[in-house]
Amino acid sequence: MNIDMIGDIHGCYQEFKELTKKLGYDWTEGFPDHPHKRKLAFVGDLTDRGPESLKVIEVVWKLVMKEKNAYYTPGNHCNKLYRYFLGNKVQVTHGLETTVAEYEELDKKEQQQIRRKFIELYEENPLYHVLDNGKLVIAHAGIRADYIGKYHSKVKTFVLYGDITGEKHPDGSPVRLDWAKLYQGEATIVYGHTPVREPRILNHTYNIDTGAVFGGKLTALRYPEMSIVSVPSSMPYIAEKFKEID
């Protein structure tokens, strides 16, 4: 099993394209295809904040749903966009406004197409992927060892938002416990969600969200090699968005 897992893209389509080319993928057909049949995997948060969220959706939908040649697991931003497309009442804030602005630029037919594709992508894929006979787990915000194989509401909250306590920091961001520090499972967990300046590797867990949309890098983790490949972001650098984690 040869997989290249990509951190939170957040609409950074050009960086996504550049990273996949660096990984050896060919874009001749309009989507990334590897000559040695490696597969891509996405840790969620394809959209919001960045400039080209809808292009990212199109490519990931094609890879996962049409070509059946990639893995996708949703993030919290994916969940919010899904609820928006269903017509649920959600606040168009925290980055969703950029995706909605792109969506509103489309004509009705194009809107219906992208909406249908994203709903299908979201509904037809699992909350998290367990791959390589249980040796590898891909979950947006991570997963506790005792949650692997379970899908109840607490698991859904954990994989989308992390180990949240319900409390908030002064800036309004949720208080999260450091689940990776306590992780003692056998499976390698690959996740994103919390932007870090460099990939955080701890106790068989890999946080590969290196803050592409905040001016950091877009990062991929190659499996089984466990090598890291990154490209720099073209977005403005926002230092306070990167969490300092011991």
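Q: Which residue stands opposite Leu-136 in β8?
A: Strands of a sheet pair through backbone hydrogen bonds, either parallel or antiparallel. Here, Thr-188 of β8 is the residue opposite Leu-136. Strand β5 (residues 136-138) and strand β8 (residues 188-191) run parallel and are joined by 3 bridges. Two strands pair if DSSP finds at least two bridges between them. Strands (E, at least two residues) and helices (H or I, at least four residues) are DSSP runs, numbered from the N terminus.

Q: What kind of model is this, and how are its residues numbered?
A: The model is predicted: local features need pLDDT of at least 70, side-chain atom pairs count only at pLDDT 80 or more, and totals for chains, interfaces and linings use all residues. Residues are numbered from 1 along each chain as its sequence is written, and side-chain values use heavy atoms, with hydrogens and water left out.

Q: What is the strand order in the open sheet that holds β4 and β9?
A: The order is β4-β5-β8-β10-β9, with mixed pairing. At the edges are β4 (129-131) and β9 (200-202), and each pairs on one side only. From one strand to the next, the twist averages 15°. Angles run from 0 to 180 degrees between N-to-C directions, and axes are lines fitted to C-alpha atoms, for helices over the stretch in contact.

Q: Is Thr-205 buried or exposed?
A: Thr-205 is buried, with a relative accessible area of 0%. Buried means under 20% relative accessible area, exposed over 50%, and partly exposed in between (1.4 Å probe, protein chains only). Thr-205 belongs to strand β10 (residues 205-207).

Q: What does Thr-205 touch?
A: Contact means heavy atoms within 4.5 Å. Leaving out residues up to four places away in sequence, Thr-205 touches Trp-179, Ala-180, Tyr-183, Ile-189, Tyr-191 and Arg-200. A polar atom of the Thr-205 side chain also lies 2.6 Å from the backbone oxygen of Leu-202.

Q: Which strands stand at the edges of the sheet with β3 and β12?
A: This is an open sheet of 5 strands in the order β3-β2-β1-β11-β12, with mixed pairing. β3 and β12 are the edge strands; each has a single partner strand, so one side of each is left without a neighbour in the sheet. Direction ignored, neighbouring strands are turned by 20° against each other on average. Helix α1 lies across β1, β2, β11 and β12, and runs at about 140° to β12.

Q: How many bridges join β11 to β12?
A: There are 6 bridges between strand β11 (residues 217-223) and strand β12 (residues 227-232), which run antiparallel. Lys-217 has Pro-232 as its bridge partner in β12. On the other pairing, 4 bridges join β11 to strand β1 (residues 3-6), again antiparallel. There, Ile-6 is opposite Ala-220.

Q: What sits in the loop between β11 and β12?
A: Pro-224 has its place there. The peptide bond from Tyr-223 to Pro-224 is cis, with omega near 15°. The hairpin has 3 residues between the strands, and Met-226 takes a positive phi near 60°.

Q: Where else is phi positive in a residue that is not a glycine?
A: Take two loop residues. Lys-37 has a positive phi of about 60° and is in the loop between α1 (13-22) and β2 (39-42). Lys-37 is exposed, at a relative accessible area of 58%. Asp-48 has a positive phi of about 85° and lies in the loop between β2 and α2. At 0% relative accessibility, Asp-48 is buried.

Q: How many residues of α3 are buried?
A: An α-helix has 3.6 residues a turn, so residues three or four places apart point the same way. Helix α3 (residues 76-86) is mostly covered, with 8 of its 11 residues buried. Among them are Asn-76, Cys-78, Leu-81 and Phe-85. The buried residues pack against α2 (53-66), β3 (70-72), α4 (96-105), α5 (108-123) and α6 (153-161). After α3 comes Gly-87, with a positive phi near 95°.

Q: At what angle do the axes of α3 and α4 cross?
A: Two packed helices are described by the angle between their axes and the distance between the axes. The axes of α3 and α4 cross at roughly 40° and come within 11 Å. That makes α3 oblique to α4. Angles under 35 degrees count as roughly parallel, over 145 as roughly antiparallel, 65 to 115 as roughly perpendicular, and the rest as oblique. Lys-80, Leu-81, Tyr-84 and Phe-85 of α3 make the contact with Leu-96, Thr-99, Val-100, Tyr-103 and Glu-104 of α4.

How values were computed. Polar contact = N/O pair within 3.5 Å; in protein donor to acceptor, adjacent residues only side chain to side chain.
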